[in-house]
Amino acid sequence: MRYLTFTLYFLLTSFLVNAQFKKDHYIFKFGVRSVSVRTENIYQKDNFFMKPVIDFGFGVNYNLSKNFRFQPEIHYNPRGFKSRFNFSDSTYVENSLELHYLDLCPNFSYTIADHQSYRTKLNVWGGPYLGFGIGGRNVLSGQIINTKGTKADSTYSYVNRRFTSGLNRIDYGFNVGVGLQFEKFTQVGFSYSMGFNNILDSKTVAVYNQSVGIYMIVLFDDMF
């Protein structure tokens, strides 16, 4: 089922990209987001915390009508989480997972007014994404009880720089956003992203990426 989904995704994207749409602008998108994960494990839900990241991407804007646009984009997106599990008042383990993806994002955008108008207008957009992991860093640290009883509790830190080792390299999900477009060339707003693929290579524990943030989009003319 997973590979069928990927195949259909690429076929749809290829068809849309090669369709005879009217190119209007090039796109640069920049965002600041808080990333985390969601899980169905009731014992872990309260242990994950948001962590700030910066993302950016480039794309092309195609006008489909006066209000509707197609905006395929290649985007760099960091994901991951921070978590802390307390075993006692003095012993704990902290985990900081940093995942870096290149996303293919065939977004669609709708403007509540003619997008060629210079007045400020509301813009909503959304679309699926397919992410490929290009790097990762997992930092595990904490404090454990010294069983010998001769010293204070012991601290430890472990860093794993391999993306694999129990982590899925592929992620896919959905992005949505709402904001304001100023003049014809700048948009600012809020975005939300939800992943549908388990980032852990496990059949018993499911953890999915998610994020919220703010973004700015600049639409360039044909200077390139």
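So, the second largest cavity: S1 and S4 each give at least two residues to its lining. Strands here are DSSP runs of E, at least two residues long, numbered from the N terminus. This is a predicted model, where local features need pLDDT of at least 70 and side-chain atom pairs count only at pLDDT 80 or more, while totals for linings use all residues. Residues are numbered from 1 along each chain, and side-chain values use heavy atoms, without hydrogens or water.

What do I mean by a cavity? On a 1 Å grid over the protein atoms alone, it's a set of points where a 1.4 Å probe fits but cannot get out, and lining residues have an atom within 4 Å of a point. The one I started with has a volume of about 40 Å³, and that's the space filled by probe spheres set on the points. Its lining is Ile27, Lys29, Gln71, Glu73, Asn107, Trp125 and Ile217.

Okay, now the largest cavity, at about 160 Å³. It has 18 lining residues, and the closest to its centre are Arg33, Asp55, Trp125, Asn175 and Ser191.

Last stop: aspartate 171, in strand S8, residues 170-182. Buried or exposed? Its relative accessibility is 0%, so it counts as buried; the cut-off is under 20% relative accessible area, with a 1.4 Å probe and protein chains only. The aspartate 171 side chain makes a polar contact of 2.9 Å with the side chain of tyrosine 129, and another of 3.1 Å with that of asparagine 209. A polar contact is a pair of N or O atoms within 3.5 Å, one able to donate a hydrogen and the other to accept it; residues adjacent in sequence count only if both atoms are side-chain atoms.

Key: On a 1 Å grid over the protein atoms alone, a cavity is a set of points where a 1.4 Å probe fits but cannot get out, and a pocket is an open set with protein on both sides within 12 Å along at least five of seven lines; lining residues have an atom within 4 Å of a point. Helices (H or I, at least four residues) and strands (E, at least two) are DSSP runs, numbered from the N terminus. Buried means under 20% relative accessible area, exposed over 50%, partly exposed in between (1.4 Å probe, protein chains only).
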